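Me: I have a structure open here and have not looked at it before. Can you walk me through it?

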Amino acid sequence: MLYRTKLEGLETQWIKRGSMGVAEYTNLAPGKYQFRVNAYYPYFENEVNEASFSFTIQPYWWQRIEVQFSLFILFLLTIGLLVHWRLYHLKQSQLRLKHEVAQKTQALQIQASAFSRQAREDTLTGLHNRLAFDEWVLSIYSLSHAASILSIVMIDIDHFKRINDTYTHLAGDKVLQKIGQVFAQFEQRNCFIARWGGEEFVLGIIGWQAQQVYTLCEKINHLIKQQDYPEISATLTVTVSIGIVNADTSYDIEQLLHCADQSLFKVKNSGRDGISVYPLVD
């Protein structure tokens, strides 16, 4: 039996899948889709059995028309208020004008700070996101006049795709949130934790000895395995694979990330649920 598929709303041509009965799509834009599947025997392409189903991906809240319209109205109202404010306060004394401008400036700075924080936060786990990690790394390297001890730790949830496939992606999101709560317990001044992407997380640690970093990773690994997921399955146990590289800021960050990834792959290839330290040699 051979298969071909077409996702109406995304694809214009049929995709031949051969005998593989699986088709995956990621990062679909909001909209309406119809997934169509044809099944047929070799040499009988005209004798096709077809099945299909339709689904809709809802837009994020900021993509909704009513939200954008409300923001536009708010923008117009803000402009109107600013014009009125300007005409009124031009009649006031210079001292009072300066005072009120200072107050408005402070409020805008607070608002800008809130927006900046939101842009650097992973909405699902509440951890820092990759942008925040990149900025943290930049600050570490720019402030380090001499080489500072730096450890990079890459952590990947084992068999996460299997969790999604077995219990649905919603269950996978709950697992990510639970693990995010575990990571949040260990964040401190010199230990920066971020969601790297998907089921992968990254830790940047400044000034710790190698054994301290390893002990932290052992605690994280142990605590994650102790988590329960009764809302998903009473028998679900989640483990992680951890790759570590210990160096200093004289090394390029891309090199350190690559080394940590290599250690992570070593754990993955050795059965997962473990910790590996990259043997960095000067």
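Reply: We can start with the whole chain, then go to a sheet and a few single residues. Keep in mind that this is a predicted model.

Me: Fine. How many helices and strands are there in the protein chain?

Reply: The protein chain has 7 helices and 9 strands.

Me: Is the chain a compact globule or more spread out?

Reply: The chain is more spread out than a compact globule, because its radius of gyration is 26 Å, well over the 19 Å that the globule rule gives for 282 residues. The C-alpha trace spans about 90 × 55 × 40 Å along its principal axes.

Me: And what percentage of the residues is buried?

Reply: Buried residues make up 33% of the 282 in the chain. The accessible surface comes to about 18,100 Å², and carbon and sulfur atoms account for 55% of that surface.

Me: What about contacts between residues at least 6 apart in sequence?

Reply: Of those contacts, 62% join residues at least 24 apart.

Me: Now the sheet. What is the strand order in the open sheet of 5 strands?

Reply: The order is β6-β7-β5-β8-β9, and the pairing is mixed. The edge strands are β6, residues 191–197, and β9, residues 274–277, each of which pairs on one side only. From one strand to the next, the twist averages 20 degrees.

Me: What holds strands of a sheet together, in general?

Reply: Strands pair through backbone hydrogen bonds, either parallel or antiparallel.

Me: OK, take β7. In which sense does β7 pair with β5?

Reply: β7 (residues 200–206) and β5 (residues 149–157) pair in the antiparallel sense, over 7 bridges. β6 and β7 are also antiparallel, over 6 bridges.

Me: Is β7 mostly covered or mostly open?

Reply: β7 is mostly covered, with 7 of its 7 residues buried. Glu200, Val202, Gly204 and Ile206 point one way from the strand, while Phe201, Leu203 and Ile205 point the other way.

Me: Where are Asn27 and Asp273 found?

Reply: Asn27 is in the loop between β2 (15–18) and β3 (31–40). Asp273 lies in the loop between α7 (253–269) and β9.

Me: Is Asn27 buried or exposed?

Reply: Asn27 counts as exposed because its relative accessibility is 79%, and exposed means over 50%.

Me: And what is the relative accessible area of Asp273?

Reply: Asp273 has a relative accessible area of 32%, so this residue is partly exposed.

Technical notes:
Residues are numbered from 1 along each chain as its sequence is written. This is a predicted model: local features need pLDDT of at least 70, side-chain atom pairs count only at pLDDT 80 or more; totals for chains, interfaces and linings use all residues. Side-chain values use heavy atoms; hydrogens and water are left out. Two strands pair if DSSP finds at least two bridges between them. Helices (H or I, at least four residues) and strands (E, at least two) are DSSP runs, numbered from the N terminus. Axes are lines fitted to C-alpha atoms, for helices over the stretch in contact, and angles run from 0 to 180 degrees between N-to-C directions. The radius of gyration is taken over C-alpha atoms; the globule rule is 2.2 Å times the number of residues to the power 0.38. Buried means under 20% relative accessible area, exposed over 50%, partly exposed in between (1.4 Å probe, protein chains only). Contact means heavy atoms within 4.5 Å. Accessible areas come from the Shrake-Rupley method with a 1.4 Å probe; for residues, only the protein chains shown count as cover.
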